[in-house]
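Student: I've got a model open and I'd like to learn how to read a few of its features. Can you walk me through it?

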Amino acid sequence: MIAGLRISVASLLAAGVLLAAMPAAAHHSAAAAYDETKRVEAQGTVSKLLIRNPHSWVFLDGTDDKGQKIEWQIEMGGAPSMAWAKDGLPIGMAVKVTGHPSRAPGTYGITGATFAKKDGTPIGPRSARGDTPQQ
Amino acid sequence: MTDFTIWLESSALGVWTRESPSIWAYPTVLTLHTVGLGVLVGANCVIDFRLLGFAPRLPIPSLAPLYRFMWAGFVVNAITGAMLFVSNATTKARQPIFYVKLLLIAVALLVTAVIRRTLARELSPGGIDPTPAPARRLAALSLALWTGAIAAGRLMAYL
């Protein structure tokens, strides 16, 4: 009786843990929305900054391979990790960004972004380079 | 509804929680929400597992003070949860899983209250072992509900 009870309680908990852990693993690696095996390079000018919790965003005006205007949407960490961007990424600044591209076709999303000036000089603190946003 | 959630988001509290660059803002509120969860659900787990037959040498009436810990955890999480909701109210108010979480918490609290009354009425003083089947069923239900509430809360970040 007790043994049977123990097994049922254990399986109940295991089911709950699995349910909670599976999407958590996907989120923490950002792998659900972004392809972390690939890197993409983007160029453009900063059009908008959303410094907020839990995740911040940087938007760039850029162009695709065919010269069409596109908007890069770059997902960053929370507000405490973005103090450098207020002065370091003024609106209209031309930047180069490398990071992991979004998976959805036709989108221009990036995460784990590294920022540099047009001449290649890195921008931002070391901790802000190549970080994957986490929650 | 949308007007109300927009108003919440643009309130001073909403803006501060969402936009403050301070480590004492969002990261601390979120951390306290996790600590409160640990205390509330942890204390619940002790009583639930005891009712299910674990740690049989622990006298059940001696666990009564744990309800004060549950209250403390609940108050911390009601406050920090309200702050987290206000900071992104329009988004969270549109998430069905958020209402699933609230419902699971409400039912779990109800079950917790029933277990407490059962303990006070039938199991004190001295305790009854093994615990009667209805109390064991309530304990298993409590564990399932709290696990579900935690899972629903976590899923708010993904769904």
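Predicted model: local features only at pLDDT ≥ 70, side-chain atom pairs only at ≥ 80, totals over all residues.

Student: Where does B:S87 sit, and which residues does it touch?

Tutor: B:S87 is part of helix 4 of chain B, which covers residues 66-87. Leaving out residues up to four places away in sequence, B:S87 touches B:G14, B:T17, B:R18 and B:Y26, plus A:N53 from chain A.

Student: Now the helices. How do helix 3 and helix 4 of chain B cross?

Tutor: In general, you describe two packed helices by the angle between their axes and the distance between the axes. Here, helix 3 of chain B (residues 26-51) and helix 4 of chain B have axes that come within 8 Å and cross at roughly 150°. Over 145 degrees is the cut-off, so the pair is roughly antiparallel. The crossing is left-handed, and the contact between these two helices has 18 nonpolar, 8 polar and no charged residues.

Student: What confidence does the predictor give chain B and the complex?

Tutor: Chain B has an average pLDDT of 93, and 94% of its residues score at least 70. For the complex, the ipTM is 0.79 and the pTM is 0.80.

Technical notes
Residues numbered from 1 in each chain as written. Chains lettered and ligands numbered in written order. Helix = DSSP H or I, 4+ residues; strand = E, 2+ residues; numbered from the N terminus. Contact = placed C-beta atoms within 7 Å. pLDDT = per-residue confidence, 0-100. Axes fitted to C-alpha atoms, helices over the stretch in contact; angles between N-to-C directions. Parallel < 35°, antiparallel > 145°, perpendicular 65-115°, else oblique. Left-handed = near helix turned anticlockwise from the far one by under 90°. Nonpolar A, V, L, I, M, F, W, Y, C, P; charged D, E, K, R; others polar.
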